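Please look over the model below with its sequence. The report that follows takes up charged pairs, the relation of the copies, some backbone detail and the DNA contacts.

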Protein chains: 2
Amino acid sequence: MSTQCNCKMISAKEIDEIKQGLPAAATIEDMANFFKVFGDFSRLKLLYYLSKAELCVADLASLAGMQASAVSHQLKTLRLNRIVKYRKEGTVVYYSLDDQHIEGLFELALTHLQENR
Amino acid sequence: MSTQCNCKMISAKEIDEIKQGLPAAATIEDMANFFKVFGDFSRLKLLYYLSKAELCVADLASLAGMQASAVSHQLKTLRLNRIVKYRKEGTVVYYSLDDQHIEGLFELALTHLQENR
DNA sequence: TTAGTATATGAACAGATATTCATATAAGGG
DNA sequence: CCCTTATATGAATATCTGTTCATATACTAA
């Protein structure tokens, strides 16, 4: 065994061990896309409001200080990722959370931020 | 009370109730930035490898199929967000996770993805 | 010192993305 | 019917972001 750096010299066995139990690349990509949804200030704000109450688009826009159009675009993203669900009542569409794990995600993030202050 | 849509007509009291317990805008922004770090395929891949072993830049590049430079750039992002830590040994820099909650984050994401298949 | 290796960094480019604006759809009231 | 309101959608734009390439730094060995 030389004193040389063992970088780029991981054995096939070690590579196998490291890759053992890792999700498939497609799964990791799905996960990245899932986290990406939460990685935006506007969307996260909307989700926080929805964690408190079922709200229509106009109310969300008013609370978040956004245009209804921008809210609608973001809600579409949240819908496509099955993070919110909606209910129509006349011309009004009420949105609410469609995921039980969101509060858990928020808490994990807050814990991380507090520990690193 | 009219039959009119109550959008944009939330009372000050309701607004207060909804905003009650919400983190400050700056905190929500911090959270969004935290999630953003996980919202990228390359970074998530690197974090998965690091969850299995302490690894140097070259090994990470080899495992992830990325250039060392790209890995280094991403590791900087992870360092700045205090998600990984490093240890120097000669010219080699070994990286490892610096957050106990990452596995929890991964599990939450996986759970969400599995429930919506 | 000189050469070689591991990592980091800055600039530049390409691709992604959030917002805005204009417009479309859809439902209700008059 | 027409008019208004609530929401959705498409295109355009400006900003952000990840990678690459070239180069710099830092450490080791000879």
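In this predicted model, the side chains of Glu89(A) and Arg87(A) form a salt bridge, with N and O 2.7 Å apart. Glu89(A) has a relative accessible area of 45% and counts as partly exposed. Arg87(A) also forms a salt bridge with Glu54(A), where the closest N and O atoms are 2.7 Å apart. This second pair links distant parts of the chain: Arg87(A) belongs to strand β2 (residues 84-89) of chain A, while Glu54(A) sits in the loop between α3 and β1 (55-56) of chain A, 33 residues apart. Arg87(A) is partly exposed at 36% relative accessibility, and Glu54(A) is partly exposed at 37%.

In chain B, the side chains of Glu54(B) and Arg87(B) meet in a salt bridge with an N to O distance of 2.7 Å. Glu54(B) lies in the loop between α3 (41-50) and β1 (55-56) of chain B and Arg87(B) in strand β2 (residues 84-89) of chain B, so this pair ties together parts that are 33 residues apart in sequence. Glu54(B) is partly exposed, with a relative accessible area of 37%. Arg87(B), at 35% relative accessibility, is likewise partly exposed. Back in chain A, salt bridges that share partners join Glu54(A), Arg87(A) and Glu89(A) into one network. Over all chains, a search of the whole structure finds 4 salt bridges. Three of these pairs are listed here.

| Salt bridge | N to O distance |
|---|---|
| Glu89(A) and Arg87(A) | 2.7 Å |
| Arg87(A) and Glu54(A) | 2.7 Å |
| Glu54(B) and Arg87(B) | 2.7 Å |

The next topic is how the protein copies are arranged. Two copies of a chain are related by a rotation about an axis and a shift along it.

One backbone feature is found in each chain. Arg82(A) has a phi near 55°, which is a positive value in a residue other than glycine. Arg82(A) is located in the loop between α5 and β2 of chain A, and at 46% relative accessibility it counts as partly exposed. For Arg82(B), phi is also near 55°, again positive in a residue other than glycine. Arg82(B) is in the loop between α5 and β2 of chain B and is partly exposed at 45% relative accessibility.

The remaining part concerns the DNA. DNA strand C is surrounded by 25 residues, and the closest are Ser42(A), Ser69(A), Gln74(A), Ser69(B) and Tyr95(B). Of the atoms of DNA strand C that come within 4 Å of the protein, 75% belong to sugar and phosphate. By class, the surface near DNA strand C comprises 12 polar, 7 nonpolar and 6 charged residues.

Both protein chains contribute to this surface. In chain A, α3 (41-50) and α5 (68-80) each supply at least two residues, as do α4 (57-64), α5 (68-80) and β3 (92-97) of chain B. The largest share, 5 residues, comes from α5(B).

For His73(B), an N or O atom of the side chain is 2.8 Å from a base oxygen of DNA strand C.

Gln74(A), one of the closest residues to DNA strand C, lies in helix α5 of chain A. Is the side of the protein at Gln74(A) buried or exposed? With a relative accessible area of 16%, Gln74(A) is buried, because the cut-off for buried is under 20%, counted on protein chains only. Leaving aside neighbours within four places in sequence, Gln74(A) is in contact with Asp40(A), Ser42(A), Arg43(A), Leu46(A) and Met66(A).

Technical notes. Residues are numbered from 1 along each chain as its sequence is written. Chains are lettered from A and ligands numbered from 1 in the order in which they are written. This is a predicted model: local features need pLDDT of at least 70, side-chain atom pairs count only at pLDDT 80 or more; totals for chains, interfaces and linings use all residues. Side-chain values use heavy atoms; hydrogens and water are left out. A residue is near a molecule or strand if one of its heavy atoms lies within 4 Å of it. A polar contact is a pair of N or O atoms within 3.5 Å; within protein, one must be able to donate a hydrogen and the other to accept it, and residues adjacent in sequence count only if both atoms are side-chain atoms. Helices (H or I, at least four residues) and strands (E, at least two) are DSSP runs, numbered from the N terminus. Ala, Val, Leu, Ile, Met, Phe, Trp, Tyr, Cys and Pro count as nonpolar, Asp, Glu, Lys and Arg as charged, and the others, Gly among them, as polar. Buried means under 20% relative accessible area, exposed over 50%, partly exposed in between (1.4 Å probe, protein chains only). Contact means heavy atoms within 4.5 Å.
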